[in-house]
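Hello,

Here is the structure I promised to pass on to you. Please open it next to this email, and then read on for what turned up in it.

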Amino acid sequence: MQRKAGWLDKFVDSLPSQGWFQFLSRHLVVPYWIWRDPKPRLPGGPRPSVQPSESVQRMMNLIMPLKDPSPIGRARAALAISQNVDEIFAGLDNVGTVHTARFLLLDGNICMLSVYDGDFSNYIRDFIATIGSVFDAVMKEVEGGDKMVPTTDHIEEFIDWVARHDLFQAPDFPTDLFHLQDAAKGIAPGSVPHDLRLLPRELILQLHSNPNISLGGGYRAYPGYSAAQVRQKFGVGW
């Protein structure tokens, strides 16, 4: 039998909509918990998985801050892409994974958003092998990018750099946030109990450490057969 909510329950539930409570939360409560219980910055990109179905249509949200975010700097970044369109189209056809990709200018950043199949590191290696010169042109306009040009000579360093600038992908199942934070602190899975009632607070504190995130790893569905099944039928594997 469901317990009837009392006046105290109703009062507590109404607090988030109260202006005075929002003010105290923003200027007192949240700053206190950021100091009291700081959260580690969680890494970007898809998390490793042994499930083949989770290696299909993976997301990359690469946010690269421009050295010069003015209209002139943004124009140079746009030229780095537009002047290499033929090479991009030719190179993307030779990337060894199924994928789609696009470049955007957002505020002071040049962004590459892509959807791909398979392993993250191999995906970046394929890009360097096929359109490395395009990335060289882009990286010359990006903060800290000069030291990785040419990218063909700094492959592992470039992969690590991309992973750091890829958005953290919030877990599709919210409670997994506890496990991700534990792993970042070196805490063994399941060794520390967590109170589900604290999940909203955990998310708020994590958004302080990761202010920009991807909401989930992407939502996907396949009519008929998945890309994995098609590749299996062709006998090409992953």
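Glutamate 202 is buried, at a relative accessible area of 6%; buried means under 20%, exposed means over 50%, and partly exposed lies in between, with a 1.4 Å probe and protein chains only. Before you go further, please note that this is a predicted model, where local features need pLDDT of at least 70, side-chain atom pairs count only at pLDDT 80 or more, and totals for chains, interfaces and linings use all residues. Residues are numbered from 1 along each chain as its sequence is written, and side-chain values use heavy atoms, with hydrogens and water left out.

Which side chain meets glutamate 202 in a salt bridge with 2.7 Å from N to O? The partner is lysine 39; a salt bridge here is a side-chain nitrogen of Lys or Arg within 4 Å of a carboxyl oxygen of Asp or Glu. This pair links distant parts of the chain, 163 residues apart: glutamate 202 sits in helix α8 (residues 199-209), and lysine 39 in the loop between α2 and β1 (58-65). Helices (H or I, at least four residues) and strands (E, at least two) are DSSP runs, numbered from the N terminus. Lysine 39 is buried too, with a relative accessible area of 10%.

Arginine 201 also forms a salt bridge with glutamate 202, and their closest N and O atoms are 3.5 Å apart. Through shared partners, salt bridges join Asp37, Lys39, Arg201 and Glu202 into one network. Arginine 201 is partly exposed, at 22% relative accessibility. Elsewhere, arginine 197 and aspartate 195 meet in a salt bridge of 2.9 Å, N to O. There, arginine 197 is exposed at 71%, whereas aspartate 195 is partly exposed at 30%. The whole structure holds 9 salt bridges.

Next, have a look at helix α2. Its 18 residues (19-36) should span 26 Å at 1.5 Å a residue, and the end C-alpha atoms are 24 Å apart, so the two values agree; the expected span is 1.5 Å times one less than the number of residues. At serine 25, α2 bends by about 50°, the bend being the angle between axes fitted to the seven residues ending there and the seven starting there.

Helix α2 also gives the most to a nonpolar surface patch, with 5 residues. The patch covers about 970 Å² and includes Trp7, Leu8, Trp20 and Phe23. Patch residues have over 30% relative accessible area and no salt bridge; like charges are joined within 9 Å, and nonpolar side chains (Val, Leu, Ile, Met, Phe, Trp, Tyr) within 5 Å. Accessible areas come from the Shrake-Rupley method with a 1.4 Å probe, and for residues only the protein chains shown count as cover. Leucine 8, found in helix α1, is partly exposed at 46%.

Finally, two backbone details. Most residues other than glycine have a negative phi, and most peptide bonds are trans. Aspartate 107 has a positive phi, near 50°; this residue lies in the loop between β2 (99-106) and β3 (109-116) and is exposed, at 67%. Valine 149 and proline 150 are joined by a cis peptide bond, with omega about 0°. Proline 150 belongs to the loop between α5 (120-139) and α6 (155-165).

Happy exploring!
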